[in-house]
Amino acid sequence: MKKVYFDYNATTPVDKRIVDAILPYYLNVFGNPSNMNSAHGKEANRAFKNALRDIADYFSVESIDDIILTSGATESNNLVLKSFVDSAKKPCRIITSKIEHDSILQTLEALGDDVIVDYVKNDSNGTIDLQDLENKIQDDTVLISIMGANNEIGTIQPISEIAGIARKHNVPFHSDVTQYVPHKRIDLSKVSIDYISLSGHKIYAPKGVGLMVCRNDKALSKIKPQIFGGGQQNGYRSGTINVPGAVSMAEAIKLLDVEIEQDNEHNRVLYNSFFKVLRQREIPYRLNGDPVNRINGNISVSIDGITSIQLLAALYEYSISTGSACSTGKKSHVLKAISCPDNVISGTIRIGFGRFSEEEDIVAIANKIADYYEIAHK
Ligand code: PMP
């Protein structure tokens with residue numbers, strides 16, 4: 001049986017070019033970059049700094065010190081949210097949306113009475129309401145945290161406009177851009193997002209590595225370390241520096257820089273091919289998320305009268321999901337927040353694709369869905 005991977009929103013396969021680029025940092029350049037007394041340490045340190053330089057250039061931040069290497073977007077999100085609550089007069093207010101990833105929502109929940117969470121309204125496509133955002137800003141609002149693109153339904157948020165509102169009211173803006181970065185460029189010298197979180201394993205790098213990038217020194221100065229120890233990364237994030245991880249992030253980002261348009265075009269072709277089949281075969285479906293402002297490598301769809309459990313069973317050779325991999329088994333908080341009726345929630349599947357997906361496979365899965373629908377409705 002051919003197994004086909006269509007779960008790129010959960011994690012991407014690692015690009016072989018990234019594996020090749022990081023291997024020397026396991027096998028040869030394996031020193032501890034904090035040990036600057038040894039030749040091995042020095043060369044590892046150089047590799048780390050070079051990786052940070054590449055990352056800083058891509059996002060247009062001046063200093064490599066404004067980049068914190070983390071274990072992934074979950075840690076990056078925790079770091080930003082907790083920093084602001086730590087240094088605020090309590091309770092403070094943070095504005096976010098109901099469709100954020102659990103690493104935002106659960107962190108805020110865990111902060112308990114120290115933070116009052118104001119949820120900005122969103123429409124039925126998941127796009128946040130900018131007027132409501134502005135109305136919700138209060139004197140004790142310490143941070144706005146809105147994601148760049150949603151991991152379940154693919155909707156892209158108007159982050160430049162959000163940044164403009166945040167700037168106007170002098171409130172720092174953090175964006176979890178984990179799902180946005182594989183599809184869209186971000187230039188922090190042009191759009192005033194103060195902090196971004198991202199993850200390696202959505203951009204073809206390995207799991208267990210991510211970044212928190214601050215727009216400038218001023219933004220960095222508000223970050224309060226959450227992991228203490230040897231004082232690595234200027235004390236902002238202790239723990240022996242993951243040099244191959246840093247190199248993998250730099251390689252992933254350099255590849256994106258060259259290939260992002262090509263990746264997007266490829267995804268757009270696959271996306272269109274999928275719906276072309278459903279339309280030609282007159283299968284009634286509902287697409288979740290914004291039909292236009294969306295990342296192309298995501299399809300969140302429900303098929304009339306069919307549950308996702310039935311579909312997952314019928315499509316067993318395809319790795320797809322019912323929603324976020326991080327909350328498997330729970331009713332999707334994202335679909336609830338966009339007011340999907342229960343039958344839509346229990347009928348939704350998520351198909352995620354990207355750089356290594358093939359058009360014939362997306363056509364085949366669409367045809368299988370259509371076959372199943374026709375049999376079920378005979
Ligand atoms: N935010 C979003 C939007 C995500 O999609 C994910 C991964 N599912 C995360 C945060 C968490 O990232 P990580 O697995 O690197 O901790």
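Ile67 has Val213 in E8 as its bridge partner. Helices and strands here are DSSP runs (H or I of at least four residues for helices, E of at least two for strands), numbered from the N terminus. The model is predicted, so local features need pLDDT of at least 70 and side-chain atom pairs count only at pLDDT 80 or more, while totals for chains, interfaces and linings use all residues. Residues are numbered from 1 along each chain as its sequence is written, and side-chain values use heavy atoms, with hydrogens and water left out.

Strand E2 and strand E8 (residues 210-214) run antiparallel and are joined by four bridges; two strands pair if DSSP finds at least two bridges between them. Both belong to an open sheet of seven strands, ordered E2-E8-E7-E6-E5-E3-E4, with mixed pairing. At its edges are E2 (67-70) and E4 (115-120), each pairing on one side only. From one strand to the next the twist averages 20°.

Helix H6 (residues 159-168) lies across E5 (141-145) and E6 (173-176), running at about 160° to E6. Such angles run from 0 to 180 degrees between N-to-C directions, with axes fitted to C-alpha atoms, for helices over the stretch in contact. Contact means heavy atoms within 4.5 Å.

A second open sheet has three strands in the order E9-E10-E12, with antiparallel pairing. E9 (285-287) and E12 (348-352) stand at the edges with a single partner strand each, so one side of each has no neighbour in the sheet. The twist here averages 30° from one strand to the next. Three bridges join E9 to E10 (residues 298-303), and Tyr285 stands opposite Ile303 in E10. Helix H8 (residues 243-280) packs on this sheet, touching E9, E10 and E12, and its direction makes about 15° with that of E10. Helix H12 (residues 359-376) touches E10 and E12, at about 165° to the direction of E12.

Helices also pack on each other. H3 (residues 73-87) and H4 (residues 102-110) meet at an angle of about 40°, their axes 9 Å apart. H3 and H4 are therefore oblique to each other; angles under 35 degrees count as roughly parallel, over 145 as roughly antiparallel, 65 to 115 as roughly perpendicular and the rest as oblique. Thr74, Asn77, Asn78, Leu81 and Lys82 of H3 make the contact with Ser103, Ile104, Thr107 and Leu108 of H4.
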